[in-house]
Amino acid sequence: MILYENIQKAMGVDIAISQKMSDAIYRWGKMYTNEAPWIKGDIKSLGLPASICTEMARLVTMESEIKISGSRRADLIAQYMVPFLSNLSRYVEYACSTGGISFKPYMDSRGVAIDVTKAGYFYPVSFDSAENITGVIFPEFKRVGKQLFTRLEYQQFGDDTYTVINRAFVSKQAQVKNDNVVNLGQEISLDKVPEWGNIAPYTEFKNADRTLFSYFKIPVANNIDPESPLGVSIFARAVEQIRDADEQYGATLWEYRSKETAIQATSEFFKRNRKGETILPKGKERQYVDMGNGITDGEGKPFFNVFSPEIRDESFFNGYNKIIQKVEFNSGLAYGTLSDPQVIEKTAEEIKMSKQRSYSTVKAIQNNLENAVKVLVNAVDAWMTIEDIAPPGRVNIAMSWDDSLVTDKKAEREQDLKDLAAGILQAYEYRMKWYGEDEAKARKMVATPAEVLE
């Protein structure tokens with residue numbers, strides 16, 4: 001992440017991210033990598049932010065199917081999209097962690113490739129009335145020894161003109177203020193870096209009707225900066241509960257450590273070495289306490305006590321589980337996704353509503369993802385026109401998403417078989433639904449030999 005002031009000065013544009021939003025994105029990113037500010041000492045990270053994002057990404061993308069067809073051009077686009085689509089779940093997880101992610105096609109030696117940039121590492125400049133990003137700056141870094149080379153690519157879509165500006169910089173002693181925040185250094189020509197030698201400093205496209213990048217936004221209302229069109233982390237509203245969970249878990253671990261069984265006894269019960277030091281069983285030193293010489297109990301006998309207090313683990317874990325349920329609620333997950341499903345004190349109606357809430361969250365993310373993928377495909381299509389890679393042709397995009405979160409597929413299929421046996425459902429209709437066949441093929445597959453001859 002580069003200091004915003006440096007980008008604004010270098011490119012002569014304002015970055016459309018407030019300090020509040022920038023700080024929030026940074027904080028979510030740290031939580032995702034188990035580096036939240038409260039993780040220190042006895043407080044360990046439970047990894048809840050990453051678990052939330054992983055589970056949400058799994059629900060969004062499981063059994064998803066994206067097909068691109070219609071022409072030779074469409075087949076080539078589908079080929080270029082294979083590496084991207086094979087990692088789609090990972091990209092959704094990254095987007096869930098910090099609120100959004102950008103997809104930017106670019107030309108390489110093999111055709112069109114796709115660059116994926118997490119929130120906090122690309123810099124929106126302008127938005128349209130529908131809150132779509134229309135201007136953005138993408139940085140690229142290359143480190144050679146102590147030198148850090150940075151290329152800033154500024155894309156701006158306005159009216160029917162698309163402008164792309166590239167500028168390069170080098171910092172001979174790359175100053176790192178915290179984490180990965182760097183200064184740009186001195187401006188240089190693009191050809192100073194071999195990989196950037198063929199990149200034009202300024203390009204302008206006329207009759208433009210789309211952006212050459214796509215932004216996938218997590219569809220949760222931005223309560224960090226309501227004026228910002230940027231997305232927020234899927235766990236943005238559960239930050240305090242995640243902290244409570246980490247602290248509660250730390251307290252639970254301390255309860256176990258502090259209540260470990262121990263033998264407290266006067267020195268005469270212990271063996272000693274030649275130096276007079278107490279000899280304790282190796283690896284079990286914590287279980288024995290030498291109370292010193294001359295210590296007696298109430299009856300005047302040498303003191304010997306087994307310290308084994310009752311552990312309050314049940315009350316601790318019940319409290320912990322309540323916190324996790326609140327995390328689930330505030331992150332759009334169903335109860336029992338992260339919490340212990342065996343101790344959920346909820347009515348059947350509450351559980352049903354929590355599953356419906358999870359489905360609604362997943363469906364909203366799928367809708368935004370579907371739109372982002374379509375915008376990406378259109379951007380790849382545009383590059384194929386710009387570079388004259390393939391002749392014009394129809395590009396059809398078909399997407400399907402699994403709905404088993406709220407639908408019991410096994411029960412539904414069993415019911416359909418009953419309807420089929422009762423004559424309520426036709427055989428070809430059953431095949432269309434469960435085998436994915438079109439009507440013509442389904443009718444052909446269930447037709448009798450006589451019907452086929454006709």
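**Notes on the predicted model**

1. H2 and H5 are oblique to each other, since angles under 35 degrees count as roughly parallel, over 145 as roughly antiparallel, 65 to 115 as roughly perpendicular and the rest as oblique. Helix H2 covers residues 19-32 and helix H5 residues 88-98; they pack at an angle of about 125°, with 8 Å between their axes. Axes here are lines fitted to C-alpha atoms, for helices over the stretch in contact, and angles run from 0 to 180 degrees between N-to-C directions. On the H2 side the contact (heavy atoms within 4.5 Å) is made by Ile 25, Trp 28, Gly 29 and Tyr 32, and on the H5 side by Glu 93, Tyr 94, Ser 97 and Thr 98. These residues divide into four nonpolar, three polar and one charged, where Ala, Val, Leu, Ile, Met, Phe, Trp, Tyr, Cys and Pro count as nonpolar, Asp, Glu, Lys and Arg as charged, and the others, Gly among them, as polar.

2. On the basis of these notes: this is a predicted model, in which local features need pLDDT of at least 70 and side-chain atom pairs count only at pLDDT 80 or more, while totals for chains, interfaces and linings use all residues. Residues are numbered from 1 along each chain as its sequence is written, and side-chain values use heavy atoms, with hydrogens and water left out.

3. The protein chain has twelve helices and 16 strands; helices (H or I, at least four residues) and strands (E, at least two) are DSSP runs, numbered from the N terminus. Of its 454 residues, 41% are buried. Buried means under 20% relative accessible area, exposed over 50%, and partly exposed in between, with a 1.4 Å probe and protein chains only. Among contacts between residues at least 6 apart in sequence, 64% join residues at least 24 apart.

4. The largest nonpolar core has 91 residues, and those touching the most other members are Trp 28, Met 81, Phe 103, Ile 137, Phe 216, Ile 234 and Ile 242. Helix H8 (residues 348-386) gives the largest share of this core, with eleven residues. A nonpolar core is a set of buried Ala, Val, Leu, Ile, Met, Phe, Trp, Tyr and Cys residues joined through side-chain atoms within 4.5 Å. Apart from this core lies another, of seven residues, including Ala 168, Ile 188, Val 193 and Trp 196.

5. Which residues does Ile 137 touch, not counting those up to four places away in sequence? They are Ile 7, Met 11, Val 13, Ile 15, Phe 122, Tyr 123, Val 125, Leu 152, Glu 153 and Tyr 154.

6. There are 19 salt bridges, each a side-chain nitrogen of Lys or Arg within 4 Å of a carboxyl oxygen of Asp or Glu. Arg 73 pairs with Asp 381, with the closest N and O atoms 2.6 Å apart. Arg 73 belongs to helix H4 (residues 72-86) and Asp 381 to helix H8, so this bridge ties together parts 308 residues apart in sequence. Both Arg 73 and Asp 381 are buried.

7. Glu 187 bridges to Arg 167, the closest N and O atoms being 2.6 Å apart. Glu 187 is in strand E8 (residues 186-188) and Arg 167 in strand E7 (residues 161-171), so the pair ties together parts 20 residues apart in sequence. Glu 187 is partly exposed at 37% relative accessible area, and Arg 167 is partly exposed at 27%.

8. In helix H6 (residues 239-258), Arg 243 and Glu 247 are four residues apart, or about one helical turn. Their salt bridge has its closest N and O atoms 3.1 Å apart. Arg 243 is partly exposed at 33%, as is Glu 247 at 29%.

9. Two non-glycine residues with positive phi deserve a look. Asn 34, with phi of about 60°, lies in the loop between H2 and H3 and is partly exposed at 37%. Glu 63, with phi near 55°, is in the loop between H3 and strand E1 (65-69) and is exposed at 66%.

10. Leu 59, in helix H3 (residues 48-61), is buried at 7% relative accessibility. Its C-alpha atom is separated by 9.5 Å from that of Gln 366, 307 residues apart along the chain.
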